[in-house]
Amino acid sequence: MQGPTINSHRPPTSDHVHGDVPLGTAFDFLNTLELDDGALVERLSSLETAATWLARAAVVPDAASITGLARSDADREALLDRLVATRTALRDVAHAVAHERTPERQAIDEVNRALRSRERVELVAADDGVRLGHSHVGDAVDDVLARIAEPIVREIGSGHDDRVRVCANDTCRWIFYDESRSGRRRWCDMATCGNRAKARRHRERQKTADEPGDSRP
Ligand SMILES: [Zn+2]
């Protein structure tokens with residue numbers, strides 16, 4: 001449901017509100033469904049938590065710019081469904097790309113639907129010339145999803161799809177964009193998952209070395 005007064009309480013457009021979403025933040029959004037030591041955790045469990053996440057990530061100026069769109073429980077559910085649907089589609093696309101598969105048609109369609117809501121810049125006449133204005137296609141959720149989808153689509157659609165990775169730690173599976181020079185990063189973070197893997201390999205080597213009959217190094 002979309003009432004006519006939806007945008008009336010919003011602050012004047014500013015670059016902070018409408019700026020591009022950094023690629024890292026966009027990937028963080030994909031990981032709002034995450035494995036925490038092997039257990040699946042949903043970070044977008046309600047519209048309120050989703051809005052708070054988006055505000056903390058500086059994608060929206062405050063949580064109210066999202067929660068304020070809802071007038072009823074049904075609205076809240078519908079808005080959350082839209083956020084989750086696009087996130088799911090972006091995850092599907094990222095997983096497919098990371099594993100060199102063709103994504104499901106449905107996922108591509110959903111991402112493209114989100115992209116179409118990207119607000120457009122436009123010229124607005126001013127006393128001393130012109131200024132930059134914005135035209136909205138949808139509501140604030142449409143805008144958020146379009147701005148999150150765009151940097152991901154730009155990277156993976158322009159030859160950098162081999163940089164999309166899923167953390168090699170099976171209890172993590174964090175989706176990330178490998179910005180390393182070598183382009184061979186396997187873990188979301190060397191300090192956590194990378195070291196855990198190294199420590200496990202080290203323990204396994206120790207065990208083998210400690211077995212009877214094995215010569216000491
Ligand atoms: Zn990891």
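Two strands count as paired if DSSP finds at least two bridges between them. Helices (H or I, at least four residues) and strands (E, at least two) are DSSP runs, numbered from the N terminus. This is a predicted model, where local features need pLDDT of at least 70, side-chain atom pairs count only at pLDDT 80 or more, and totals for chains, interfaces and linings use all residues. Residues are numbered from 1 along each chain as its sequence is written, and side-chain values use heavy atoms, with hydrogens and water left out.

**Stop 1: the whole chain**

Show the chain as a cartoon. Its secondary structure comes to eight helices and six strands. Along the sequence they follow the pattern α-α-β-β-α-α-α-α-β-β-α-β-β-α.

Now colour by pLDDT, the predictor's confidence in each residue, from 0 to 100. The chain has a mean of 85, and 86% of its residues reach 70 or more. Select residues 1-17: pLDDT stays under 50 there.

**Stop 2: two hairpins**

Select residues 120-126 and 129-135. These are strands S3 and S4, paired in the antiparallel sense over seven bridges. They form a hairpin with two residues between them. Pick Glu122: its bridge partner in S4 is Gly133.

Next, select residues 33-36 and 39-42. Here strands S1 and S2 pair in the antiparallel sense over four bridges. Leu35 has Leu40 in S2 as its bridge partner. This hairpin also has two residues between its strands, and Asp37 in the turn has a positive phi of about 50°.

**Stop 3**

Switch to side chains. Buried means under 20% relative accessible area, exposed means over 50%, and partly exposed is in between (1.4 Å probe, protein chains only). Of the 217 residues of the chain, 37% count as buried. In soluble globular proteins, nonpolar side chains tend to be buried together.

Centre on Ile66. Contact means heavy atoms within 4.5 Å. Beyond its neighbours within four places in sequence, Ile66 is in contact with Leu47, Ala51, Leu54, Val60, Leu79, Ala140, Val141 and Val144.

**Stop 4**

Select H2. This helix is mostly covered, with six of its eight residues buried. They are Leu23, Thr25, Ala26, Phe27, Phe29 and Leu30. These buried residues pack against S1, H3, H5, H7, S5 and S6.

Move on to Arg91 in helix H5. Is Arg91 buried or exposed? With a relative accessible area of 12%, Arg91 is buried. Leaving aside neighbours within four places in sequence, Arg91 is in contact with Leu30, Asn31, Leu33 and Ile175. Arg91 and Ile175 are 84 residues apart in sequence, yet 8.1 Å apart in space, C-alpha to C-alpha.

**Stop 4: the zinc site**

Select the zinc ion. It is coordinated by the SG atoms of Cys167, Cys172, Cys188 and Cys193, at 2.3 to 2.4 Å. Donors are N, O and S atoms within 2.8 Å of the metal (3.2 Å for Na, K and Ca); water is not among the atoms, so sites may look incomplete. The donors follow the spacing C-x4-C-x15-C-x4-C along the chain. Cys172 lies in the loop between S5 and S6 and Cys193 in helix H8 (residues 190-210), so this pair ties together parts that are 21 residues apart in sequence. Cys172 counts as buried, at 12% relative accessibility. Cys193 is buried too, at 3%.

**Stop 5: two loop residues**

Finish with Glu100, in the loop between H5 and H6. Its phi is near 55°, a positive value in a residue other than glycine. At 75% relative accessibility, Glu100 counts as exposed.

Then pick Arg173, in the loop between S5 and S6. The phi of Arg173 is near 55°. Arg173 counts as partly exposed, at 30% relative accessibility.
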